[in-house]
Amino acid sequence: MQFFGVSEISPSPPAPTASGNNGHMMYVFNRNGVCLLYREWNRPLRTLDAQQDHKLMFGLLFSLKSLTAKMDPTSAVEKGNLGMLQLPGQGCSFHSFCTNTYKLSFMESPSGIKIILVTHPRTGDLRESLKYIYNLYVEYVVKNPLYTPGSPIRCELFNTTLDQYVRGIA
Amino acid sequence: MAAIYSLYIINKSGGLIYYKDYGSAGRMDTNDSLRVASLWHSMHAISQQLSPVSGCLGIELLQADTFDLHCFQSLTGTKFFAVSEPGAQHMESLLKFVYELYTDYVLKNPFYEMEMPIRCELFDINLTQAVQKDRVTFLGR
């Protein structure tokens with residue numbers, strides 16, 4: 001009666017990139033949904049223009065956060081309506097999801113900064129790495145007196161350090 | 001004792017055709033389960049659009065603080081997803097086994113109309129047996 005056995009019907013994930021860098025792209029959003037940073041290292045497929053892609057990604061994350069808070073099977077408290085705005089850290093939140101072609105890791109700070117890293121699907125747990133990236137953000141962006149909160153990040157030192165770090169983990 | 005918290009089956013249009021709760025602490029009423037299923041259908045589709053490489057089939061595993069959500073989509077677009085404890089094993093095998101039960105007890109039922117909610121007693125009975133923890137452990141053999 002076993003039709004599937006051990007074989008998979010979905011295509012196998014792509015091989016790691018030749019350079020050894022398995023990071024695809026990274027986004028940073030603030031609490032209002034403004035895309036502060038978009039870094040791309042390996043993205044052969046592009047289905048939308050940049051602005052729509054950022055909006056769609058933020059919408060996906062917002063809805064998934066709402067979904068996980070609603071679906072939390074261990075909390076018996078009244079969770080309110082689906083889609084209701086929630087404070088950062090309130091309720092159950094997701095930290096990653098995996099498809100057959102990529103893995104998306106997610107972190108949200110108490111101030112509402114969202115960091116998203118898209119990597120190869122076989123990547124392990126990246127929660128500590130995202131916390132380190134948040135530390136890089138604090139050190140090189142927040143502490144930069146020339147940076148205006150809410151505007152896109154244009155800090156070369158942060159970009160360089162980030163590229164180096166992501167190349168090492170993914 | 002069940003190995004999963006709950007199981008959902010969605011048709012290819014995103015409508016909820018089966019929902020079974022096996023012990024969640026928070027109750028979800030019928031309307032909420034319908035909304036959750038429809039939202040998952042949309043999120044699954046959007047995740048395909050945002051893929052950096054071609055050939056993406058959508059979310060297979062969503063990891064949250066207190067649960068994991070495993071999803072299996074058949075070739076015809078029916079989605080089976082189960083909410084389990086974080087790190088629970090053999091969930092992919094369990095969902096494929098549920099797919100077998102679905103084909104055997106639902107699709108082969110001449111009284112069942114496609115895309116409608118599942119109300120097949122044999123499916124319920126066999127599904128309840130399949131999700132028991134000791135049965136799920138054997139899926140890894």
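This briefing describes chain B and the sheet that chains A and B form together. The model is predicted. Chain B contains 4 helices and 5 strands, and the sheet has 10 strands in an open arrangement.

**Chain B as a whole**

- Of the 141 residues in chain B, 52% are buried.
- Chain B has an accessible surface of about 6,500 Å², and carbon and sulfur atoms account for 53% of this surface.
- When contacts in chain B between residues at least 6 apart in sequence are considered, 49% of them connect residues at least 24 apart.

**The sheet of 10 strands**

- The strand order is β2(A)-β1(A)-β5(A)-β4(A)-β3(A)-β3(B)-β4(B)-β5(B)-β1(B)-β2(B), and the pairing is antiparallel.
- The edges of the sheet are β2 (35–40) of chain A and β2 (16–21) of chain B, each of which pairs on one side only.
- On average, neighbouring strands of the sheet are turned by 10° against each other, with direction ignored.
- Helix α3 (residues 156–169) of chain A packs on the sheet, where the helix touches β1 (23–29), β2 and β5 (114–119) of chain A.
- The direction of helix α3 of chain A makes about 50° with that of β2(A).

**One strand pair within chain B**

- Strand β1 (residues 4–10) and strand β5 (residues 79–84), both of chain B, pair in the antiparallel sense over 6 bridges.
- Within this pair, K79(B) in β5(B) is the residue opposite I10(B).

Notes
Residues are numbered from 1 along each chain as its sequence is written. Chains are lettered from A and ligands numbered from 1 in the order in which they are written. This is a predicted model: local features need pLDDT of at least 70, side-chain atom pairs count only at pLDDT 80 or more; totals for chains, interfaces and linings use all residues. Side-chain values use heavy atoms; hydrogens and water are left out. Helices (H or I, at least four residues) and strands (E, at least two) are DSSP runs, numbered from the N terminus. Buried means under 20% relative accessible area, exposed over 50%, partly exposed in between (1.4 Å probe, protein chains only). Contact means heavy atoms within 4.5 Å. Accessible areas come from the Shrake-Rupley method with a 1.4 Å probe; for residues, only the protein chains shown count as cover. Two strands pair if DSSP finds at least two bridges between them. Axes are lines fitted to C-alpha atoms, for helices over the stretch in contact, and angles run from 0 to 180 degrees between N-to-C directions.
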